[in-house]
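Please open the model in your viewer and keep the sequence beside it, so that each selection can be followed in turn.

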Amino acid sequence: MRRVLLWTAASLLVAASMLALLTFTYFWRSPAYYPRPLAASPTETRIIPRSQYSEEHRRPYTYRHGNVVVFGAEHKPASVDLQLRQIDEMWRELRPTVALVEGRLGFLAPGFMDPVEHYGESGHVYALAKKDDVQAYTWEQPLDEHITDLARVHAKDRVALFMVLRPYFSNLRFGKPESPEAFVEEFLGRADHPAIRGEINSIADIDRIWQRDFAGGKDWRDVSDETDLPGYLEQLTEDSNDQRDRYLVRLISHLSAEGERVFVITGSSHAVLIEPALT
């Protein structure tokens, strides 16, 4: 009996060690936030506010300024194949030393999971960075900073609802998940930030706030950010995107000043709004 127990313990230890090794070497983890604080850029005052954004522009919206390429993707499944070819071409021309990826990509097992199917154009750029051994970061503002900034000007429960549901709203354009609740549960931890803690702890809390504030409209499970979000969520979207654009310009400016060749993958609206700050 003792021998069996020892063998079982040893087997579990080996399995745990193999899983840890795979986690750090084989499985893809989300690109890290940029690790250093960023100073304000003198050009960020040129960023077009989200409230002044016009959708009358080409898609995808792409450009190169010096050693910076910005690929503003359309984020529509029907356009993906063409955009991937364009990304590949611009990637080869730039030969980047740093890739900046929109969003926080999750777990992915290469060879078993398609990065484009799971994470769209950002997944493809991250795959290119992995293939070419290029440093990749998410260009998102660190979540703690972002939530704190939003909570200074918006009610805590509204910020909590927005932060938890925003990934779902963005993902819905690629198809409704089999279980919206399971998808959103992965992001409930966002509501545990000190600035908004206690407002949302469960799907039931989301349903309660949604029924209180958006009765008579679409259920949150059917809302996509391809169109304006309901009520105050659209104002939160504008303020959030303005913050994100400022951070992105600061990051690009910082990396450019350090001599890096920077490839940025983002939605087309962000590419339009930040361009005046990069020229």
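A residue is called buried here when its relative accessible area is under 20%. With that in mind, and remembering that this is a predicted model, begin by selecting helix H9, residues 268-278, where 10 of the 11 residues are buried. The buried ones are Ser-268, Ser-269, His-270, Ala-271, Val-272, Leu-273, Ile-274, Glu-275, Ala-277 and Leu-278.

Next, select helix H4 (residues 143-151) together with helix H5 (residues 156-171), whose axes come within 10 Å and cross at roughly 140°, in a right-handed crossing. Show the side chains of Leu-143, His-146, Ile-147, Leu-150 and Ala-151 in H4, which meet Val-159, Phe-162, Met-163 and Arg-166 in H5. The residues of this contact divide into 7 nonpolar, 1 polar and 1 charged.

Then turn to the aromatic rings, for which the count comes to 9 pairs. Select Tyr-34 and Tyr-137, whose ring centres are 5.1 Å apart with the planes at 80°, so the pair is edge-to-face. Tyr-34 lies in the loop between helix H1 (2-25) and S1, while Tyr-137 belongs to strand S4 (residues 135-138), so the pair ties together parts that are 103 residues apart in sequence. Both Tyr-34 and Tyr-137 are buried.

Move on to Phe-214 and Tyr-232, a tilted pair with 5.1 Å from centre to centre and 45° between the planes. Finally, select Tyr-168, Phe-183, Phe-187 and Trp-220, which form one aromatic cluster, and then Arg-58, which lies over the face of Tyr-61 at 4.0 Å from the ring centre.

Note on methods
Residues numbered from 1 in each chain as written. Predicted model: local features only at pLDDT ≥ 70, side-chain atom pairs only at ≥ 80, totals over all residues. Heavy atoms only, no water. Buried < 20%, exposed > 50% of the residue type's maximum accessible area, 1.4 Å probe, protein only. Helix = DSSP H or I, 4+ residues; strand = E, 2+ residues; numbered from the N terminus. Axes fitted to C-alpha atoms, helices over the stretch in contact; angles between N-to-C directions. Left-handed = near helix turned anticlockwise from the far one by under 90°. Contact = heavy atoms within 4.5 Å. Nonpolar A, V, L, I, M, F, W, Y, C, P; charged D, E, K, R; others polar. Phe/Tyr/Trp six-rings, centres within 6.5 Å; stacked < 30°, edge-to-face > 60°. Lys NZ or Arg CZ within 6 Å of the ring centre and 35° of its normal.
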